[in-house]
Amino acid sequence: MDTVTHTLFGLTLYGAANKMNMDKSHKRALLFTTVVGSQIPDIDVVVNLTETGRIMQQMWHRGLTHSFFLIPVWGMIIYLLSRLLFKVKDRRIFYWAILAVFIHDTSDLFNTWGTGYVEPFSSYRVTFGTISIVDFVFWFLMLAGFIVSRKKEADSRYKVFRVVWLLMIAHVAVQSLQGYVIYNEAKDKYEDVALAAGFVPTQFQVIGKKGNEVEIVKDSIFIKPQLEHRLVSSDEADLEPLFEENPRAKTLYEWSPFVVVVEEDEKLGIYDPRFYRNGESFLYEFIEK
């Protein structure tokens with residue numbers, strides 16, 4: 001998910017906590033915990049400060065910092081920071097921290113980019129592609145929850161946000177069920193398949209590769225598949241010169257489920273077709289011959 005959505009997740013998680021018996025310090029500690037916990041896995045953006053980090057950005061972003069096995073570590077760090085800053089000793093803060101980080105890491109699984117959810121035991125990128133990185137249904141539900149909660153008594157507002165969380169989980173489940181059906185239908189047609197959720201709920205892009213052809217198809221359980229792009233990959237091209245001169249290309253090749261190879265008279269490159277928009281992919285690495 002994007003940074004705004006993760007921040008809203010943290011605020012909505014704070015809203016879902018029953019704070020009637022908490023003093024001001026407890027409330028501040030909890031707010032700090034839910035918001036920081038909803039953001040801290042993305043601390044991996046600091047890798048861009050180094051040359052190696054810029055080369056490995058695809059592999060390192062949403063990599064180890066998003067691992068399921070690192071969630072308790074982040075939880076403990078946030079808990080200790082909360083104790084230091086707000087002088088609050090309450091183990092429930094630790095549990096809220098774990099929940100916030102878990103929501104961040106797990107929600108990112110449903111985007112096209114995916115995460116290194118099982119690192120360091122495997123570098124495999126877990127991605128379902130059933131939720132857009134910016135999902136306006138989430139935004140609408142959280143905004144509606146905030147408006148409705150303002151009309152409730154203070155001691156019952158947290159119940160509204162718990163309903164919001166249930167509705168968001170239901171949205172993910174419905175989207176994922178549709179994606180599962182569409183993905184399995186595509187597997188019978190293509191050798192390799194990836195899924196990318198559209199901004200409109202229930203609509204997806206199926207990216208399928210068969211031989212050296214890649215098709216990008218708009219699909220939904222409510223409409224007939226519509227071919228948007230047919231791309232030809234020069235799979236017979238020798239990519240070693242590309243990898244030697246442009247290390248980012250090798251990283252992209254290893255990171256992507258599959259790539260389209262471009263070999264022209266003056267250019268050799270690869271790109272990830274899942275991010276193909278307006279005639280090009282923003283994940284494209286090449287060299288001039």
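Trainee: How many positive and negative side chains does the protein chain have, and how far apart do the centres of the two sets lie?
Mentor: In this predicted model, Lys and Arg are counted as positive while Asp and Glu are counted as negative. On that basis the protein chain carries 31 positive and 35 negative side chains, and the centres of these two sets are separated by 17 Å.

Trainee: What share of the residues of the protein chain counts as buried?
Mentor: A residue is called buried when its relative accessible area is under 20%. With that cut-off applied to the 289 residues of the protein chain, the buried share is 49%.

Trainee: Which strands stand at the edges of the open sheet, and why is one side of each left without a neighbour?
Mentor: The open sheet is made of 4 strands in the order 1-2-3-4, and their pairing is antiparallel. Each of the strands at the edges has a single partner strand, so one side of each has no neighbour in the sheet; these are strand 1 (192-197) and strand 4 (223-232).

Trainee: What is the average twist from one strand to the next?
Mentor: The strands in question are those of the open sheet with the order 1-2-3-4. Going from one strand to the next, the twist averages 20°.

Trainee: How many bridges join strand 3 to strand 4, and which residue in strand 4 does K218 stand opposite?
Mentor: Strand 3 covers residues 213-220 and runs antiparallel to strand 4, to which 7 bridges join it. Within this pairing of strands, the residue of strand 4 that stands opposite K218 is Q226.

Terms used: Residues numbered from 1 in each chain as written. Predicted model: local features only at pLDDT ≥ 70, side-chain atom pairs only at ≥ 80, totals over all residues. Heavy atoms only, no water. Buried < 20%, exposed > 50% of the residue type's maximum accessible area, 1.4 Å probe, protein only. Charge placed at Lys NZ, Arg CZ, Asp CG, Glu CD. Pairing = 2+ DSSP bridges. Helix = DSSP H or I, 4+ residues; strand = E, 2+ residues; numbered from the N terminus. Axes fitted to C-alpha atoms, helices over the stretch in contact; angles between N-to-C directions.
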